[in-house]
Amino acid sequence: MTLKKTFRLCLILFLGLLVMILMQIVPSRSQVADVPAQDTQTQQPMDPRETREIVRYEPVLPEVHFSTDGVAQGDFFAIYIDKTTLLDEVYATSNLTKNRIRFYSFKEGMAAFIPVSYNLKPDIYSISLRIFRDDLLLQDENIPLTVIPKQFVTQYLKVTAAQNAIRTSDRQYDDWAAFARGRAVTAPIPLWEEDFIMPVAGKITTEFGLTRYVNNANPTRHSGLDIAAPKGTPVKATNSGRVTLAQSLYVPGNTVIIDHGLNILSNYYHLDKIYVKEGDEVKKGDIIGAVGSTGFSTGPHLHWTMTVGTVSVSPWQILEKNPLELLNLSELQ
Ligand SMILES: [Zn+2]
């Protein structure tokens with residue numbers, strides 16, 4: 001073998017060896033196809049939420065505002081809880097009332113109107129407010145409220161035995177059931193517009209809250225104002241709302257109840273005629289009936305009661321200013 005032949009043989013062997021080594025290192029095409037696709041592609045850009053850092057913040061807590069810290073017997077007051085969220089719930093109880101205290105979403109918070117019955121003794125009472133956000137108890141407050149004494153006059157009324165039989169009849173229990181039904185429904189928004197008006201012009205013959213002895217016995221309180229007016233005088237809705245009761249009852253005679261929303265209702269008794277029916281929407285000043293003397297009545301007059309829920313409150317307070325002003329919204333930030 002010549003040197004040239006030997007060199008050529010060595011070169012062929014060397015190249016063969018090199019090809020074998022390379023085949024071990026570089027995977028075949030079929031092997032590449034087995035590798036998962038994403039490994040061979042460019043990575044997706046990372047979602048920014050994956051790298052966001054935790055931000056700690058103080059939650060905005062509700063703020064409780066009372067319209068006053070002292071309320072006269074027979075008046076009402078408001079609580080406004082500002083800066084609430086949709087998750088917030090208020091559980092309120094008080095020795096002022098056996099009724100549930102209802103809060104309604106209003107503007108940026110929640111509002112409740114609370115009546116102070118003329119039967120409550122002047123004293124310091126308290127309202128417990130527990131404010132929840134979902135399951136968390138955010139606030140637990142006990143807020144005092146003073147009930148201020150108010151002078152109510154006493155009336156001694158003489159009526160015939162037949163008239164007295166009306167007011168002492170067991171049929172008044174049906175009246176109470178009807179009242180309860182008429183006052184159980186209220187809109188969760190104010191239906192009234194601006195100020196309330198006198199439903200009829202005339203002389204006030206019996207004041208709100210007066211203690212009345214009929215034939216010198218069984219004193220009762222007078223739940224509203226008696227306004228004397230000739231039979232047939234139109235009776236206006238004291239404000240806009242929805243009629244929740246329009247029917248003939250025994251002691252109050254022909255009766256209309258209008259819901260003005262947020263638990264505020266007006267009640268009209270002894271009507272000669274009723275011009276509305278349950279479910280009617282009325283505007284402030286609409287004629288809802290005519291003055292009469294039906295039920296327990298000694299002459300034509302309108303008996304007008306204002307209630308917050310089922311509790312009678314002073315019509316004078318309602319006439320004095322729009323209840324929404326009690327929320328003092330203009331002073332809140
Ligand atoms: Zn009356």
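Pro 59 sits in the loop that runs between helix 3 (37-40) and strand 1 (63-66). In this predicted model, Pro 59 has 9 C-beta neighbours inside 10 Å, and because a residue with 12 or fewer is taken as exposed, Pro 59 counts as exposed. Pro 59 and Tyr 250 are 191 residues apart along the chain, and their C-alpha atoms are separated by 55 Å.

Turning to the domains, the protein chain splits into domain 1 (63-150) and domain 2 (154-322). The C-alpha centres of domain 1 and domain 2 are 26 Å apart. Domain 1 puts 13 residues into the contact, and domain 2 puts in 14 residues. On the side of domain 1 that touches domain 2, strand 6 (residues 109-115) supplies the largest share, three residues.

The nonpolar core comes next. The largest one has 59 residues, and Ala 78, Ala 112 and Val 256 are those with the most contacts inside it. Strand 3 (residues 76-82) gives the most to this core, namely six residues. Since domain 1 (63-150) and domain 2 (154-322) both give residues to this core, the core lies between them.

Strand 4 (residues 88-94) and strand 7 (residues 124-133) run antiparallel and are joined by seven bridges. One of the pairs across them is Ala 92 with its bridge partner Leu 129 in strand 7. Strand 7 also runs antiparallel to strand 8 (residues 136-148), and here 10 bridges do the joining. Arg 133 stands opposite Leu 136 of strand 8. Strand 7 and strand 8 form a hairpin with two residues between the strands, and in this hairpin Asp 134 takes a positive phi near 55°.

A further group of strands makes an open sheet of three, ordered 14-20-18 and paired antiparallel. Strand 14 (234-236) and strand 18 (273-274) are the edge strands, each pairing on one side only. Three bridges tie strand 14 to strand 20, and these two run antiparallel. Across that pairing, Pro 234 stands opposite Ala 290 in strand 20. Strand 18 and strand 20 (residues 287-290) pair in the antiparallel sense as well, over two bridges. In strand 20, Ala 290 is the bridge partner of Lys 273, while Gly 289 is the bridge partner of Ile 274.

Helix 5 (residues 172-183) has 12 residues; at 1.5 Å a residue they should span 16 Å, and the end C-alpha atoms of the helix are 16 Å apart, which agrees. Phe 179, Gly 182 and Arg 183 are buried in this helix. Seen down the axis of helix 5, the buried residues fall within an arc of 85°, so they line one face of the helix. The face turned away from that buried side carries the exposed residues Tyr 173, Ala 177 and Ala 180. The cover over the buried residues of helix 5 includes strand 15 (241-248) and strand 16 (254-259), along with strand 17 (264-271) and strand 21 (301-308).

Leu 262, found in the loop between strand 16 and strand 17, has a positive phi of about 55° although it is not a glycine. Leu 262 counts as buried, with 24 C-beta neighbours inside 10 Å, because the cut-off for burial is 20 or more. Asn 328 is not a glycine either, yet has a positive phi of about 50°. Asn 328 lies in the segment after helix 6 (315-320). With 14 other C-beta atoms within 10 Å, Asn 328 is partly exposed.

Conventions. Residues are numbered from 1 along each chain as its sequence is written. This is a predicted model: local features need pLDDT of at least 70, side-chain atom pairs count only at pLDDT 80 or more; totals for chains, interfaces and linings use all residues. Two strands pair if DSSP finds at least two bridges between them. Helices (H or I, at least four residues) and strands (E, at least two) are DSSP runs, numbered from the N terminus. The expected span of a helix is 1.5 Å times one less than its number of residues. The arc is that of the directions from the helix axis to the C-beta atoms. Two residues are in contact if their C-beta atoms, placed from the backbone, lie within 7 Å. A nonpolar core is a set of buried Ala, Val, Leu, Ile, Met, Phe, Trp, Tyr and Cys residues joined through C-beta atoms within 7 Å. Domain bounds come from an automatic or database domain assignment.
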